[in-house]
Amino acid sequence: MATLIDPDFRTRLRALNEKYAASVPVLMQAIAQASGRCDSEGARLEPLTELHRALHAVAGSAATFGFAALGQECRRIEQLVRAMLNTPAQAVAEWPALRAQVTALLDWAERDAGATHFTA
């Protein structure tokens, strides 16, 4: 059996995973704030871009630290936001349906962001 070059690798990886887990509420707060800006300012370019960035940050990092379902759901919603950014004329009409999906994501993440499946 192969021996790890760094015997503390798993310990450090576990510590990084725990640090990421502790940051999930802050990441979800960023998504909630950006979504709130879309509500209050309308689904305009700037607040949608902020929401896209917040979702992208989680989508890109969550799976690395053991939050695959969270990352997948953020990626899915991020892609919907990107589509809205590409068709700004339709964004206002499409925002309520997307808002419901963001709300479901935030509610689920508050209950169990570490779950292996997203359940709205």
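**View 1. Helix α2 against helix α3.** The axes of helix α2 (residues 45–61) and α3 come within 8 Å and cross at roughly 155°. Because of that angle, α2 counts as roughly antiparallel to α3 (angles over 145 degrees; under 35 is roughly parallel, 65 to 115 roughly perpendicular and the rest oblique). Axes are lines fitted to C-alpha atoms, for helices over the stretch in contact, and angles run from 0 to 180 degrees between N-to-C directions. The crossing of α2 past α3 is left-handed: the near helix is turned anticlockwise from the far one by less than a right angle, whereas clockwise would be right-handed. This is a predicted model, in which local features need pLDDT of at least 70 and side-chain atom pairs count only at pLDDT 80 or more, while totals for chains, interfaces and linings use all residues. Residues are numbered from 1 along each chain as its sequence is written, and side-chain values use heavy atoms, with hydrogens and water left out.

**View 2. Residues between α2 and α3.** From α2, the contact residues include Leu45, Leu48, Leu51, Leu55 and Val58. From α3, they include Leu70, Cys74, Ile77, Val81 and Leu85. Contact means heavy atoms within 4.5 Å. The residues of this contact divide into twelve nonpolar, five polar and three charged. Ala, Val, Leu, Ile, Met, Phe, Trp, Tyr, Cys and Pro count as nonpolar, Asp, Glu, Lys and Arg as charged, and the others, Gly among them, as polar.

**View 3. Glu78 in helix α3.** Glu78 is found in α3, residues 68–86. Is Glu78 buried or exposed? Glu78 counts as buried because its relative accessibility is 0%. Buried means under 20% relative accessible area, exposed over 50%, and partly exposed in between (1.4 Å probe, protein chains only). Beyond neighbours within four places in sequence, Glu78 touches His52, Leu55, His56 and Ala59.

**View 4. Helix α3 against helix α4.** The axes of α3 and α4 (residues 88–112) lie 9 Å apart, at an angle of about 170°. That makes α3 roughly antiparallel to α4. On the α3 side, the contact includes Leu70, Ile77, Leu80, Met84 and Asn86. On the α4 side, it includes Pro88, Trp95, Leu98, Trp108 and Ala109. The residues of this contact divide into 16 nonpolar, two polar and three charged.

**View 5. Ala109 in helix α4.** Ala109 is found in α4. Ala109 is buried, at 9% relative accessible area. Leaving aside neighbours within four places in sequence, Ala109 contacts Met28 and Leu70. Leu27 is 82 residues from Ala109 along the chain, yet their C-alpha atoms are 10 Å apart.

**View 6. Asp8 before helix α1.** Asp8 lies in the segment before α1 (9–41). Asp8 is partly exposed, with a relative accessible area of 43%. How far apart are Asp8 and Glu78 in space? They are 35 Å apart, C-alpha to C-alpha, and 70 residues apart in sequence.

**View 7. The whole protein for orientation.** Helices (H or I, at least four residues) and strands (E, at least two) are DSSP runs, numbered from the N terminus. Along its principal axes, the C-alpha trace spans about 60 × 25 × 20 Å. Of the 120 residues, 33% are buried.
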